[in-house]
Amino acid sequence: MFEDLDLMRLALPALLALLGCATASSGGGAPAEVSTPSRPPDALPLPPVRWSTEEQAVHVLDRLAYGPSPDDLRRVEEVGPGAWIAWQLRPADIDDSAVEKRLADFASLGMSTQELIASYPRAKKVAQAKGVILDGKSPEAVRAQLAGVVNPFQLPRQVGAELVAARLIRASASRRQLQEVLVDFWFNHFNVSADKGAVRWMVSPYEREAIRPHLFGSFRELLGAVAHHPAMLFYLDNWASTREGFSAPKRGRLGLNENYARELLELHTLGVDGGYTQQDVREVARCFTGWGIRKPNEDGSFEFHPGAHDRGSKRVLGVGIPAGGGMEDGERVLDLLATHPSTARFISRKLAQRFVMDTPPPELVERVAQVFLRTNGDLTATYRALFESPEFWSDSARASKVKTPLEFTVSAVRALGGSTAGDVPMVQALNRMGQPLYRAQPPTGWPEVAQPWVNPGALVARIDFGLKLASGRLTGTEVPLPAVDGAPEEVVDRTARAILHRPLGETTRTTVLAAVGASEVMPDGERRAIDPARLVGLLLGAPEFQNQ
Amino acid sequence: MSPFSRRQFLRSTGALAALGAVPGFLGRALAASTASTGKTLVLVFLRGGADGLSIVPPVGDPAYRDARPTLALAPPGKDGGALRLDDVFALHPALAPLLPLWSDGTLGIVHAAGLPGATRSHFDAQDFCESGTPGTKSTADGWLNRAVRRAPGPEGAFRVVAVQPTLPRMLVGGAPAVAMSSLGQFRLPGGPGGSAAFDALYAQAVDTALRTTGLETFEALREAGSAKLAQLPAANGAEYGGAPIARRLQDVARLIRSGVGLQVAVTDMGGWDTHVNEGSEKGQLAARLTELGSALAAFARDLGARWADTRVVVMTEFGRTARENGNRGTDHGTASVMLVLGGGVRGRRVVGGYRGLGRSALFEERDLAIGTDVRSVLWEATRAQLDLRDASAVFPAFSPGAPVLG
């Protein structure tokens, strides 16, 4: 029995069809139309499972994508989850030009921090340059004064708005779905908040330069890119940390700042129980003195300041770092941390929480951590170990996670094959549900587990979002509504199947039928047609759609 | 044994979904009958590690100025100086709106409060403050939830409310609690009819957490709608201003004044992690304190006679280093300050066992040492407001010792 199901999943005919398609398309050269990878990689060997083809595809898309879209569901069902995952693990082989084209309008996305600071200056600075004195007595009065002077689309907030919109567009429409899920995971792991000072200009380059290029490479490279990035150096204050007794011309006496060092150990690598001491925190901080930023409010690129660096010898986690290492001290620390067993376990557990379940079995964590260690932190190998694990394919993992607000909103758009431009109403909905993107204030980022996301205020915001989306009242975000021809029972069953991918329970079905007015009879004896917006709103707000 | 409510029952046992469909009108009727005499506990959590040594600066401690060459506040009487409280302590000038409460004895201050087993991690320190079990990470519920579960009290949908987007750790557990960004946003289109279908859908949810949350949600929605809570204007000429903490406290005041049976309210405020350019009488910290001080003052005024039944505790996860760092800021430390406000507080005193900033008095030669366990202060306020007896049920393996401000 298992063997049969296994064969079903491998879907050999589909795999062969895919080969054929790829050959045909490689000569064709119409990138936006290509719907299959140019090179079919080897499918992942997956453990046997008793689920139907649709159930397997839905599970994979729930976890490695922002939920099933009609297109992606068809694709996974065609090629099988093993081949689809392998394809997703090589995003460079996936043509995503359609989405890239949509993002071309966002001028800020490709800019360096320096260009962003120059192109999106603070309102006050613009007013000052134009000789306008902002002396309004109330915020409204100041806003009125600014109205004629400042272009609202050239203010710092535009950088954030475009980045948020791009994230939502990519999450909903990119064919590199796993990549987009990993951007969310790793940005959150190495969180910075756009609300902190100059980070507002650095956050877009941060995602582009430090996070996106390293999602499938080695953890050490990712860690290093983050450690060097001015967004992180600013957010966790390392740019201002110097050896004790150091004085700078305009700023007077400076000194050590532990903020980055502590979070590097606690949140980025070892974990809070990873076996370090307060003394280690100080020593790590000393190693990173001098890792700074060239004029944070003007240039904003990385710069090492030898004069601010503590040249003495250090000792981190029992390992001596000789005097005079300069900027290399920091690199030594990153080397030490990136391959530490505590880091392997900490990262593996967090990945398992994201991809498998909120409380992952310790055996799974240990197994994945061993792969992480054996491969020197090869992230693709680590992901594979998770996706190939029996725990990932276990009944207790399926639909066991509560969607974060981002996952919920984007999966709603995708479920109906809709699209979003990431406009203000969508962004406000996320804020109301408690997840303003790029603005998580603490270095811990957003929680990976369900509990903080399940509360009455957030539930109301979710239901409200579903109703608004379905009735077309979310400007910039649209979903096509399902056809409602046929008997009401049929329509409800069909729509529920398309959105929830499982049959409704009998009581739930009765509730939904009653709520869409299926039992009402018109004066002429006809039954009233179902309002598709009402039906979709109910299903998106239903408890079944909150899980993935 | 405290009353064991239907919703608590559902939460703790995941009982039959069918029960969930029963509306909570019995509970609401009870709430209406007891609410006007009830007491309320309000917790304000300053996240990020607020600098107690600038909020209530020990201007009379000679070591204070040495430790903080650029951050120390000027002594009382000087230009921009701190506001005198006693021979040692003063109040940050941005907290001037709280002086009337100090004078009438409804503001008391605990200095050098902290949790034993110092951790300088925000995450861990907040976790311990909220689980109420310092050093033990496996505690599943929050201390305030344990307290509520054992307290007699009204059984309304708004008995326990967090005015913040997510439920804080201290309220996690068997007793139901509502979290919401604001009262104004807590509604569904279409009024009560519009939410009836969802009410029924969530009553059948397979996921226990979603089912119980749904139950709480729809009960609260009905109640908020019928009482028109979000529209209640401020009373007694209270002016809240636009800061987020002010809007949140105004929502708490609305819940108290409308008599829906609010027994516990929690909210939080960020922006206290002042590693760089903390500021002195002006600057980053002062801006936060201006928001906090005027919000609390407006809250007290708005409540009028109900202020006597209300107790507010302002806390943070840890204090900051005694000495300023190289960036005119402070790093993560140990003990900080707690403010306790409201009726029944024997205030106009700074207590807590402050031992000074001399090198030998400091913890690990860097932080203000703990003089009072945070749990003693929390327990005192909780016991008074929730009518509890047994501290160990709320804070396991802890005995509260002598009264702090009581």
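**A strand and its neighbours**

Modeller: Happy to! Strand β4 of chain B pairs with strand β9 (residues 336-342) of chain B in the antiparallel sense, over six bridges. In that pairing, B:A113 faces B:S336 of β9(B). Do keep in mind that this is a predicted model.

Two further strands join in. β10(B), residues 350-351, pairs with β4(B) in the parallel sense over two bridges, and B:V350 of β10(B) stands opposite B:I109. β11(B), residues 372-373, also runs parallel to β4(B), again with two bridges; here B:G114 has B:D373 as its bridge partner.

Now for the burial of the strand. β4(B) covers residues 107-114, and eight of its eight residues are buried, so the strand is largely enclosed by the rest of the structure. The cut-off behind that word is 20 or more other C-beta atoms within 10 Å of a residue's own.

Stepping back to the whole chain, 63% of the 406 residues of chain B count as buried. Chain B holds 14 helices and 11 strands. Its C-alpha trace spans about 65 × 45 × 35 Å along the principal axes. As for contacts with a separation of 6 or more in chain B, 74% link residues 24 or more positions apart.

How values were computed. Residues are numbered from 1 along each chain as its sequence is written. Chains are lettered from A and ligands numbered from 1 in the order in which they are written. This is a predicted model: local features need pLDDT of at least 70, side-chain atom pairs count only at pLDDT 80 or more; totals for chains, interfaces and linings use all residues. A residue is buried if 20 or more other C-beta atoms lie within 10 Å of its own, exposed if 12 or fewer, and partly exposed in between; C-beta atoms are placed from the backbone. Helices (H or I, at least four residues) and strands (E, at least two) are DSSP runs, numbered from the N terminus. Two strands pair if DSSP finds at least two bridges between them. Two residues are in contact if their C-beta atoms, placed from the backbone, lie within 7 Å.
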